[in-house]
Amino acid sequence: MLHATGSKKELTRLAYYALVSDILEHADVQALKQFRHHRYTTRFQHSLNVSYYNYLLCRFFHWDAVSAARAGLLHDLYFYETNAYDRTESPGQKSHSAHHPEVAVQNAVDRFALNPLERDMIEKHMWPVTHRMPQYKESYAITFVDKYAAIVEFFGLGAQRMLSHIRRKQTV
Ligand SMILES: [Fe+2]
Ligand SMILES: [Fe+2]
């Protein structure tokens, strides 16, 4: 079963899946399941959420939804726990928020053929934290969807956890 958080749709049955299956099934993308992301989910699930909702948003506006879906899966392609990033190693070192898009785009180009739009979306997904302006409307879309997904994952899943904890306490 493959679902985006907040959606009951089985993604493997949708046209969406055929557009991204080569990325989705890649061992290094599957490896993102090992990393916690936004406290309550995994980096794989977060990437899937950004990919699917970015796809829907861009398809709605008749923008490049295929690139939106593919870049969404790759936008956080880094292989370490976020809180393991050590900012104190050298003076002037970038924050993790500013640094990880560079890591992700390098990891993505090492493994997949990216078009300029996909590359821009990955590199600029943290705008305005990173200062370089997005070049495409789809890149603005991913900056929005990434933040939306983070809020749903952190507060939505966090609230669910808290409610089920309270329910468990009440049944004891
Ligand atoms: Fe990110
Ligand atoms: Fe992200």
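Reader: Let's start with isoleucine 151. Which helix does it lie in?

Author: Isoleucine 151 belongs to helix 7, which covers residues 137–171. Keep in mind that this is a predicted model.

Reader: Is isoleucine 151 buried or exposed?

Author: The general idea is that a residue counts as exposed over 50% relative accessible area. Isoleucine 151 has 51%, so it is exposed. Together with Phe154 and Phe155, Ile151 makes a nonpolar surface patch of about 320 Å².

Reader: On to the metal, then. Which residues coordinate the iron ion (ligand 2)?

Author: For a metal like this, donors are N, O and S atoms within 2.8 Å. Here the iron ion (ligand 2) gets NE2 from His46 and from His75, plus OD from Asp76 and from Asp146, at 2.1 to 2.2 Å.

Reader: What do the angles say about the site of the iron ion (ligand 2)?

Author: To count as tetrahedral, four donors need all angles between 85 and 135 degrees. The 4 donor atoms here give angles of 84 to 174 degrees, and the site is irregular. Water is not among the atoms, so sites may look incomplete.

Reader: How are the donor residues of the iron ion (ligand 2) spaced in sequence?

Author: The pattern reads H-x28-H-D-x69-D. Histidine 75 sits in the loop between helix 4 (65–74) and helix 5 (96–111), while aspartate 146 is in helix 7, so this pair ties together parts 71 residues apart in sequence. Histidine 75 is buried at 0% relative accessible area, and aspartate 146 is buried too, at 6%.

Reader: Which residue coordinates both iron ions?

Author: That's aspartate 76, with the iron ion (ligand 2) and the iron ion (ligand 1) 3.4 Å apart.

Note on methods
Residues are numbered from 1 along each chain as its sequence is written. Chains are lettered from A and ligands numbered from 1 in the order in which they are written. This is a predicted model: local features need pLDDT of at least 70, side-chain atom pairs count only at pLDDT 80 or more; totals for chains, interfaces and linings use all residues. Side-chain values use heavy atoms; hydrogens and water are left out. Patches are made of residues with over 30% relative accessible area and no salt bridge: like charges are joined within 9 Å, nonpolar side chains (Val, Leu, Ile, Met, Phe, Trp, Tyr) within 5 Å. Accessible areas come from the Shrake-Rupley method with a 1.4 Å probe; for residues, only the protein chains shown count as cover. A salt bridge is a side-chain nitrogen of Lys or Arg within 4 Å of a carboxyl oxygen of Asp or Glu. Helices (H or I, at least four residues) and strands (E, at least two) are DSSP runs, numbered from the N terminus. Buried means under 20% relative accessible area, exposed over 50%, partly exposed in between (1.4 Å probe, protein chains only). Donors are N, O and S atoms within 2.8 Å of the metal (3.2 Å for Na, K and Ca); water is not among the atoms, so sites may look incomplete. Four donors count as tetrahedral if all angles lie between 85 and 135 degrees; four count as square planar and six as octahedral if opposite donors are over 155 degrees apart and all others between 65 and 115; anything else is irregular.
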